[in-house]
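Hello,

Here is the structure I said I would pass on. My notes follow below it.

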Amino acid sequence: MTIPLAAYKEIQLLPSILSADFSRLGEEIGAVMDAGVRIIHVDVMDGHFVPNITIGPVVVEAVAPLVHERGGLLSVHLMIEKPERYLEAFAKAGADALSVHAEAGPHLYHTVETMKALGVGAGVALNPGTDVSRVREVAGLVDLVLIMTVNPGFGGQKLIERVLEKVPVLREMLPEEAAIELDGGVNRENIRRVVELGANWIVAGSAVFGAQDPGAEARVLQDLMTGHGSVW
Ligand code: DX5
Ligand code: ZN
């Protein structure tokens, strides 16, 4: 599905299914979408780029119809080496946006061009230790930049405050219509602040799916993001 350009500018909560109950994955996705979520974040890990191993195109293919039939989108975060080998497989499986890590290969410009040619949203992700200058040469081409606010590999870690300095710098560097996706350690206490800094696609894994009622928690976080809710 082609992502409407306007969607990159919206403030959106992206629950990460990494922290979901995989034995009830469809139900959990349904619960957050019933709560108003429009974009689901999918963490793909290969045991090389990061120490953990998670899921591949087969799972994307399994969940894509249920997300799409509710008018939703899938933003797939590829924490894998040589991601260009798998772009087509994920696009065919139903991913709407793909993000590759700037650190994952030497041919970032070509990889971004390939994502664009596949018709998916093209994203570049940055590890906490990677400077924003790594995306400068592709800034005019990408649809989103994903800022990792934890070291990639696992859910449930603490947000690294220093990384937040990248958000306003990237806002200046990117075209107005590009999204800044912020990923790692987001919770009730900091979600409003990261939005105020200029990030607009906000990933939350353990905060949503670690809650007793993921749908209710997604509502709370969405209200806090837009300034309509209170932590209390
Ligand atoms: C970590 C992943 C994140 C993770 C976030 O490598 O990229 O998307 O699921 O989880 P929380 O929100 O628990 O930090
Ligand atoms: Zn992620």
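Which residues in α1 meet which residues in α8? E28, A31, V32 and D34 in α1 meet P214, G215, A218 and R219 in α8, where contact means heavy atoms within 4.5 Å. By class, the residues of this contact are 4 nonpolar, 1 polar and 3 charged (Ala, Val, Leu, Ile, Met, Phe, Trp, Tyr, Cys and Pro count as nonpolar, Asp, Glu, Lys and Arg as charged, and the others, Gly among them, as polar).

This is a predicted model, in which local features need pLDDT of at least 70, side-chain atom pairs count only at pLDDT 80 or more, and totals for chains, interfaces and linings use all residues. Residues are numbered from 1 along each chain as its sequence is written, chains are lettered from A and ligands numbered from 1 in the order in which they are written, and side-chain values use heavy atoms, with hydrogens and water left out.

The chain has 8 helices and 8 strands (DSSP runs numbered from the N terminus: helices H or I, at least four residues; strands E, at least two). Of its 232 residues, 53% count as buried (under 20% relative accessible area, 1.4 Å probe, protein chains only). The C-alpha atoms fill a box of roughly 45 × 35 × 35 Å along the principal axes.

T130 lies between β5 (121–126) and β6 (144–148) and is buried, at 9% relative accessible area. Leaving aside neighbours within four places in sequence, T130 is in contact with E103 and K166. K82, in the loop between β3 (73–79) and α3 (87–93), has a positive phi of about 45 degrees although it is not a glycine.

Regards

Key: Buried means under 20% relative accessible area, exposed over 50%, partly exposed in between (1.4 Å probe, protein chains only).
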